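Subject: Structure for your review

Dear colleague,

Please find below the structure that I am handing over to you. I would be grateful if you could read the notes after it with the model open.

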Amino acid sequence: MATELTVLPTQILQPFKGVKKVTPEEYFTSGHRTCQGCESALVMKLMAKAAGPRTVILGSTGCMYVANTTYYSTSWVVPWMHTQLGASGSAAMGTAAGLKALMRKGRIKQEPINVIAFCGDGGGADMGLSSISAALTYPEYNFLILMYDNESYANTDIQLSGMTPYGANTTFSPPGKARRLLHRRWKKNVAGMLAAGHPECRYVATVDASYALEMMNRVRKALSIGGPTFIHSLDPCPKGWDYDPFNSHDLGELAVETGIWPLFEVEDGILKFYGKSKGIAQGRKRKPVREYLLRQGRFAHFLDEDIDYFQKKIDLMWDRWLIPGVCAFDMAEDLKKALDKSEAELATTEETE
Amino acid sequence: MTGSVEVVYRGIFQKHLGQRITRGIVLAAWKEGKVGISFGRYGDSPERNGIPAKSFAVVADTEEELQAFLARYEPNNNDVTVAVDDTLCKGVESWAWYGLQPINKLTRPGGTVLVTSIQTPEELLKDCHRKGAEWNLGIVKGTASFSGLWVVKEDHTDVRVMGAIAKVAPHVVKIESVETAIRNEWKDELKVASARKSYDRVTTRKVGADEGNSEKPYEFQLLKWWEMKEGLVIPAIPVKQEVPGWDGGYRPGRNPTFKKFSTRTMRPVVNFDTCTKCTLCWLQCPDSCFDITPTGHYDANMEACCGCGVCEAVCPVEDCITMVNEQAFDGNSSQFEAYEKDKETYLTSWLPEKIKDKVITHRSHGFQYRGKYEEELAEAAADGGGDD
Amino acid sequence: MSVATVAAPPVQTGPAADKEMLISGCAAIAQALRLASIDVVTAYPIRPYDTVMQAVAKLISNGELDAEYIVAASEHDQFEIVKHASAVGARTFCGSSGVGWMYAMEALAVTPALRLPLLALVGNRALDDPGAFGCEHNDALCVRDLGWMLTWVDTAQEAMDTALIAYRVAEDPRIFLPCAIGADGAFLTHSEALVKVPSQEKVDEFLPKYDRGDKQLHPDNPITIAPQVNEDWVMEIRKQNDGAMRRAHGVIQQAYQDFHRIFGRQGGNPFVEEYMTEDADVILFGQVTLSLPVKVGVRKLREQGHKVGFVRLKWLRPFPTQEVQEALKRAKAVGVVDRDYSFGSPNHGAVLYNEARSALYDLPQRPHVISFICGLGGREVTLDSVTEMSEILLKTATTGRMDQPNYWIGVRG
């Protein structure tokens, strides 16, 4: 009975048509106790700028809570509220549901209000995955969940999470005399798995703040399309990755150019790659991962065999997965043939009709 | 007898350095039969790149004397304050409501501030705030040593500072104990020699009660419980600040209780003439530190800039943005204002003087690629020993 | 006997009369939620509280209640969702039992500090392992230090009335603290009794709208809620919470007075129910549905000539120290009946025992206080148990001595 669902009007937040058209107002401003060169802080700034003033933001525990509001101060211009680690999905739902009920009952003005709940990779990919998943099944609430991924539990001084790359040095995976690599897990594809698994979710995207315009426009799209949405950003982290902060921007670009971080979006059931990832998907050569890895102290202990393994996994992803960054498997040959055959038959049928 | 040493350092970049120094002091004092503890300041945690942090070594002859220092966050009457980046002498702001704390604030009267620096004492005293009591300024000659969390640059700064501490505060540790501790801890005779060399060469100078920077550093009064809004609510920052004399342009509202400029070791110097207004510096700055002037230029606001250098990295025009060490500047005045006031002087003498100087534009701000630290150390050795 | 709704005779003037319904404690609370026009409710299945969520779902699907009904993926999610809905100004309801309540613990800990007036039903249930659905109070008791108001209800009528009172008190801007209503699993949550359900007009007169004022999260109100703090700020924040809880006592009294005026019920002492205590030599002291067998036992013992009384504690937080002192001070011996445990606590007693004994300590003349641990995991508190406890108390009253400070009543062996 689809008629029962009342979906509030969403707004149309037009994409910025070029850097010179980006609005000046800052809704997340200076004075946060983040590291020099913190790309997660940049993500916050761009996200808030794209969303604009009719926004409430829920921030779960992590760097973007502790550093941004240390101690009893704030850098937020728009209303912001803390939520618990792992509770971003719940915070988004609760806020959106509360606003919806109050608007319906006439207690507050009926208008599109952006609800954005953010989480780090620790709070999103590990602890909060289930609450995000639940949130993405609720088509009647409008909100964006943004996971900023600096590839560690950064706020607690760098521990590995489910999103830490293979072999990286963290305080839970220090390279030692007896064991060089304590962390042999491969990074999960959160955006991919969420896109593949939640048919009611109309928009999922990966972004990178080094491509600021594209990132902001994706935030705008997510806030306009209606229903629950999810964005996953990769944020170079000078502290956890161990590099001179002025390289933050370059490393963000390298992550994409090496193919390690595919930029894609799934919008109303259609997947597209964008930015440099589009070219890579079409066959353009990727930069070697060595270029990216050896500019970060967290991989300084890597031997050639480790770098080769890393390269191999990235190659596998682009050459063998059904959809790089999204579906970590391929189809059996006979299934492929059967699908090709049935597609061909369909095409013939259509031709003859 | 008790003694305490605080090491003021750039968070993360000098975390290992700070720890090594304070641990080393305690280990050395132990050799003399003293007791002691080494600890980082809890409020600094989690440390952030560049944000000033502290670690401490406290030593005493007896356990009872040591108790006065235990279960406390920081000793406030230090025999020695070490600043391992001389730009910290301008004052440190470690978290919101902290205000700007002079580098010598917690040094006891008559104590010593030891700074790793290539500047002269007179130059440093332009930065150090007046203390209102006599103190000493000691210099361990050399540039600031920056590493990161995982890879450490082994340039002997740690042991050189330890050697210097033994010279200026022998009641805390003697140089012989320092040498023994280094030998035990690192099993490296070169390090032992560096410590002794530093001990021999460190210079100190008395500083009068009224000598130094006369500016009053900003501070805040913490609110009483009934002045605080209930429900953990604090007001947000206004979206915009009015700038007197500006018609148009945009200066964002900024957090008044944490300015962040004392995080800088270097600041961007901007050539407003060659700037193409591509917006990238402003857009990619994680700290929103660029004001948009009424002329459409981007002026890095020095009250907000924390010196990360991303603007220099993204700027497409050569020499338009250049990072320059803080020692070349006084105060936080606007570069754009100076440029508007006198373009000639700004462009033909002030700017080139800053950005052409090899010393003050030298950047060694952490890990750049595997092998770079070793290259830098080799270069320094080839230059005839930068470590003295 | 089918569920009967008896229509009250028409009233010429004044607000509409009460409707009588045969409903369980959970369903009674659902009626209160309907009358309170709640905005957001989150559900997650765990026995025995979740019948309230089933009742709420029916109300919504039948159009009797207009609220957002979210089935959460866990109790932690449940309580986080309503916490945030409350922050934007929505009236919310949630609940759990036993280990479900434990799963939500992090959200429960922060809700009072955020000064969010949530109403929660705790269908008291023994904590797993060992898994049992029967009633035990340790689940709700876990939040007693954190700033939650805690009240226990004895009958379905009291459940409904207290839910309305709880919204009024919790949402008072002087308070803004969450309130948990403890209801014994099975005995209260599932048994159906006759409940007078009031009219909407009466409720509207009693319960104002929830208004967060300048703490409301909305784009028109630029605030940051709950920034990170350090040791420079925490004590002041806790002191503010302390102030709110101190004020709660007076606000509760006002609310009960008003309730009595409008609805004609709940006219007694808001904090304690005294049963045959005026001349009692010994008094049993406890909370919730064990009051029922205890009252039966008290009457029986009285018939035999023993002067036994019973005091039922209604609000554990804020603890009504003065009211408890007044109610118990004249007894020679007080037996505190705990349907909970606190292993290793003073005298190996339990929670209520330690609280009551502490409350009585300042009296110039103190009764003996004996701890009875009884009814854990839903074990019935029988007439025999009541007699056993009373005899121990009477012996102490006569001899002036306690043989031991703590007894486990009704345990085999």
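The notes below take up an interface, a residue, a helix pair and a pair of domains in turn. Please bear in mind throughout that this is a predicted model.

Chains A and B

The contact between these chains draws on 53 residues of chain A and 50 residues of chain B. On the side of chain A that touches chain B, helix H1 (39-51), helix H8 and helix H9 (248-257) of chain A each contribute at least two residues. H1(A) provides the largest share of that side, namely four residues. By residue class, the side of chain A that touches chain B consists of 23 nonpolar, 17 polar and 13 charged residues.

Asp235(A)

Asp235(A) is found in the loop that links strand E6 (228-234) to helix H8 (238-241) of chain A. Is this residue, Asp235(A), buried or exposed? It counts as buried, because Asp235(A) has 31 C-beta neighbours inside 10 Å, and 20 or more are required for that class. Leaving aside residues up to four places away in sequence, Asp235(A) touches Glu39(A), Ser40(A), Val43(A), Tyr148(A), Asp149(A), Asn150(A) and Ala209(A). Asp235(A) and Cys38(A) are separated by 197 residues in sequence, yet their C-alpha atoms are 8.0 Å apart in space.

Helices H5 and H6 of chain B

In chain B, helix H5 (residues 175-186) packs with helix H6 (residues 189-201) at an angle of about 155°, and their axes are 9 Å apart. H5(B) is therefore roughly antiparallel to H6(B), since angles over 145 degrees fall into that class. The crossing of H5(B) and H6(B) is right-handed. From H5(B), the contact is made by Ile175(B), Val178(B), Glu179(B), Ile182(B), Arg183(B) and Trp186(B); from H6(B), by Lys191(B), Val192(B), Ala195(B), Arg196(B) and Tyr199(B). The residues of this contact comprise seven nonpolar and four charged, with no polar ones.

The domains of chain C

For chain C, the domain assignment gives domain 1 (5-263) and domain 2 (272-409). The C-alpha centres of domain 1 and domain 2 of chain C are 28 Å apart. Their contact involves 26 residues from domain 1 of chain C and 19 residues from domain 2 of chain C. On the side of domain 1 that touches domain 2, the elements of chain C that give two or more residues are helix H6 (138-141), strand E7 (149-153), strand E8 (179-184) and helix H9 (234-263). The residues on that side of domain 1 of chain C divide into 15 nonpolar, seven polar and four charged.

With kind regards

Terms used. Residues numbered from 1 in each chain as written. Chains lettered and ligands numbered in written order. Predicted model: local features only at pLDDT ≥ 70, side-chain atom pairs only at ≥ 80, totals over all residues. Domains from an automatic or database assignment. Contact = placed C-beta atoms within 7 Å. Nonpolar A, V, L, I, M, F, W, Y, C, P; charged D, E, K, R; others polar. Buried ≥ 20, exposed ≤ 12 C-beta atoms within 10 Å, placed from the backbone. Axes fitted to C-alpha atoms, helices over the stretch in contact; angles between N-to-C directions. Parallel < 35°, antiparallel > 145°, perpendicular 65-115°, else oblique. Left-handed = near helix turned anticlockwise from the far one by under 90°.
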